[in-house]
Amino acid sequence: MATGAGRRTYPASRETDVVLRDGSTVHVRPIRPDDEERLLAFFRGLSRDSRALRFFSATSDYFLAAEAKREVAVDYERSFGLVAAIGPEERIVGHALYVGKDGDRAEVAFAVADEYQGRGLGTILLGHLAEAGGANGIRVFEAEMIPENLRMLEVFRESGFPVEVRAGAGRLHATFPTSLTEEAREHFEQRDRIAAAGALRIFFAPRAVAVIGASRQRGTVGGELFHNLLRFGFAGPVYPVNPAADVVQCVPAYPSVEAIPGTVDLAVIAVPAGRVVQAAEQCGRKGVRALVVISSGFAETGAEGRARQAELVRLCRATGMRLIGPNCLGIVNTDPAVRLNATFAPEAPPDGRVGFLSQSGALGLAIMEYARTLGLGLSTFVSVGNKADISANDFLCYWEEDPRTDVILLYLESFGNPRKFSRIARRVARMKPIVAVKSGRSPAGVRATSSHTGALLAASDVTVDALFRQAGVNRTDTLEEQFDVASLLAHQPLPKGRRVAIITNAGGPAILCADACEGEGLEVPVLWEETQARLRRLLPPEASVGNPVDMIASATGEHYRETLRIVAADPSVDALIVIFIQPLTTRAEDAARAILDAMGALGGSKPVLTVFMSARGFPEVLQTAQLRVPSYAFPEAAAIALSRAARYGEWRERPASAPPRLEGLRRDEAAALVAGALQRGEGWLTPDEVAGLLGCYGLPVVPQRVVGTPEEAGEAAREIGGQVALKAIAPGLVHKADLGGVRLDLEGPEEVPGLQGAPADGLPGPADGPGGGGDARGSRPRSPVWSGGRLRRGGRPGRAPPGRVGPPRPPHAGGRVGDDPEPEDGPSPHRVPGRAAGGYPGPGGRTPPGERAGGGPAPGRRTGPEPDPGPPEGWHHRGCPGPGKPLRAPAYAREGRLTGSGGGRERWRKVVSRSLLS
């Protein structure tokens, strides 16, 4: 679309939806020529005072019409305008404009509708206008104001821009740079935090709730939703909406949300997917501010569902509503002042200090029941489903400010904005621990994730681990482990170190616990001599007092109490694990009360974990007492939970540091490289392209050469110097070592050209490349894809398939350098038991199907469309490695097949690269 001035096209990339301070949303976009009538209506709608502050004088309608015509005629470079619009008709409620002056300076002007003033809209428009100006070469903004317009100066200063003000006759002249300082960035982040928290307060503390799809029939989603809101004791009115019923569960019903006489803040929608958008439209007209859409049938179901979800989001943006879901379980707030249970779960969680977010609704059902079993109370619970609008990032901001939440638990299947998640989590985790389970580790899990919640980004497992470590997020492998860690973090102090004391009445569990502690990176130190002496005076002679402290089976409750006090006082102990197995005399309840007594004397100085190994579980007194103690069924679980808490404590003790600002990145060059690769169609990047892409971001790669003969390989090794690795290149060769395409630790140019060997059986030919047919049996490898320096495996030709993604293998012990990531469906490619290089059986190995000893085809078994002519003259087998020795792969690979009257002939190619150890 051309601009009014005809210089530049409309910058659609600058359109965005923003959240205001009160949690409502507006659409911010560049102004267009067709906005003239809307802008004139906006100017006319301003109060007399607002127009005077904007235009410095009284204004006639003729003047406003001329001004609207002039201000829509921008070229998006030297002049640029932004509007904030709401509703399907795009009513303008805010306007910002800059007009270039001499050089790199521009004059700015702002106006905000009276009913939207004080919500942070002026700050948002200023930030977006400054970003656009900076991108267009504008370095300084100037603004003229009358002395009465101090509010505009406050907006400039609140945004964090360093404003200089000069006073003139009846005028104030302000100047400030368009670039954001660190202070300005912090101000905008604080604004985002306030906006996110404000939006979620509407959900968790509404004045009134409507259930659209409320049913008279219990056991249905709509019936259970409405029943739970009533049974849990919501503090405000709950309105059932059902056009086919006059009364729902003894409450008068309404045919639509618009028929409800009072205000409705939150609407919970549980109707078939095809009727959700219509219900949302009615909510928008009613003035509802928050929607929880339980219904499924959206992005998780395919193209039609994605279109339906996009329409729902568009409608919410247009009307300023916020959305949780769709395809979710609902939300819970256990605050006694609110008592909101807008889910269809059979049980509500107990009141507590843990905030829990689940991307899976079904898991949410199990989670709430499990939390009640463990006595782990929740402050708030939310099932976000498809995360079409509100995401985990928003909830982190809310829980950061929520005084009722001490620990945050996340079950995630995907990330919408990983960079923003990292920034927010790093800040929040400094005050409140975050424990996360991220599913989708395996290819099967990734596929299931995409079809479950319509996730657009499942992220690789390696990158998720790195993201969580950097942000201080405690990642656990299972939900059970997550609750184990949460029980500790919610009820006990963080350990000041990794030194653990183990107290037990049975030696076997103590040994298991000590092994698990050491295996998880904890220490089990020998207690001080003074501590051991005190324990000897207390315990029977048969007791062991070194650490673990084995009080033997006759230990009483008094022994537990005094031993815990003595050991906790030892300066070499940072945390304690207390184990109890039911003997003939002492009862578990007596031991539990003794432990509670001793912990009361500690004053919360050191964490204490208990292990009650009994089919009856832990004593109830541990959860009903005011001082709650985490308890585990087995010692290993306690050790894992404590190691996670210790790791988090160490992270929190490290001083906070800002992420480095990397200079010299060649982003445009990288984009051009990717664009060129995409132009030839989907497929793998070449090694040279991978090296170039990494180089654009300052990631060094070892020197490498592409050669075609042994002599060229020797010369390349001479140029590179030191140890070298020899790797094959072929169109369909992904895991080179799997098929005998790698040689490592080659010393100098003399060793390289003298290599002998035979090609690995089954190396792919040109038919296996992108678009090729491959072998009729489908047994050949697919084409390789190099993606950002990480090797992907599997999938269809020409497409980056699901699979394990990881960095190149680090150096092995003894100086050997690996080549490819280890496959998920088999052993390391660098060690092939019972099979030699080239696919030939090693000593004692089995002959692969379709082959006989020596590598030839078995009688009557087809191996391909034509026989393999073998390697070039002078290249022979070097033999196979001995049992238990790493595979030394041949140093060649088939590059392509040349056809002609003489039959098949092969060309061979080598890659020589410098060893990482040279």
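Begin with the open sheet of 5 strands, which has the order E24-E23-E25-E26-E27 and parallel pairing. Strands here are DSSP runs (E) of at least two residues, helices are DSSP runs (H or I) of at least four residues, and both are numbered from the N terminus. Two strands pair if DSSP finds at least two bridges between them. The model is predicted: local features need pLDDT of at least 70, side-chain atom pairs count only at pLDDT 80 or more, and totals for chains, interfaces and linings use all residues. Residues are numbered from 1 along each chain as its sequence is written, and side-chain values use heavy atoms, with hydrogens and water left out.

**Stop 1**

Select 549–550, strand E24, and 631–632, strand E27. Each stands at an edge with a single partner strand, so one side of each has no neighbour in the sheet. Next select residues 575–581 and 608–613: these are strands E25 and E26, which run parallel and are joined by 6 bridges. Leucine 576 has valine 608 of E26 opposite it.

**Stop 2: strand E3**

Select residues 79–86, strand E3.

Strand E2 (residues 25–30) runs antiparallel to E3 and is joined to it by 4 bridges; arginine 29 has valine 83 in E3 as its bridge partner. Strand E4 (residues 91–100) pairs with E3 in the antiparallel sense over 8 bridges, and serine 79 stands opposite valine 99 in E4. E3 and E4 form a hairpin with 4 residues between them, and glycine 87 in the turn has a positive phi of about 80°.

**Stop 3: salt bridges**

Side chains of opposite charge can pair when their charged atoms come close. A salt bridge is a side-chain nitrogen of Lys or Arg within 4 Å of a carboxyl oxygen of Asp or Glu, and by this rule the count is 41.

Select glutamate 90 and arginine 29, whose closest N and O atoms are 3.1 Å apart in a salt bridge. Glutamate 90 lies in the loop between E3 and E4 and arginine 29 in strand E2, 61 residues apart. Glutamate 90 is partly exposed at 22% relative accessible area, whereas arginine 29 is buried at 0%.

Move to aspartate 389 and arginine 322, which form a salt bridge with closest N and O atoms 3.0 Å apart. Aspartate 389 is in the loop between strand E19 (378–383) and helix H11 (392–401) and arginine 322 is in strand E15 (residues 322–324), so the pair ties together parts 67 residues apart in sequence. Both residues are buried.

**Stop 4: glutamate 636**

Finish at glutamate 636, in helix H21 (residues 635–653). Glutamate 636 counts as partly exposed because its relative accessibility is 31%.

Notes: Buried means under 20% relative accessible area, exposed over 50%, partly exposed in between (1.4 Å probe, protein chains only).
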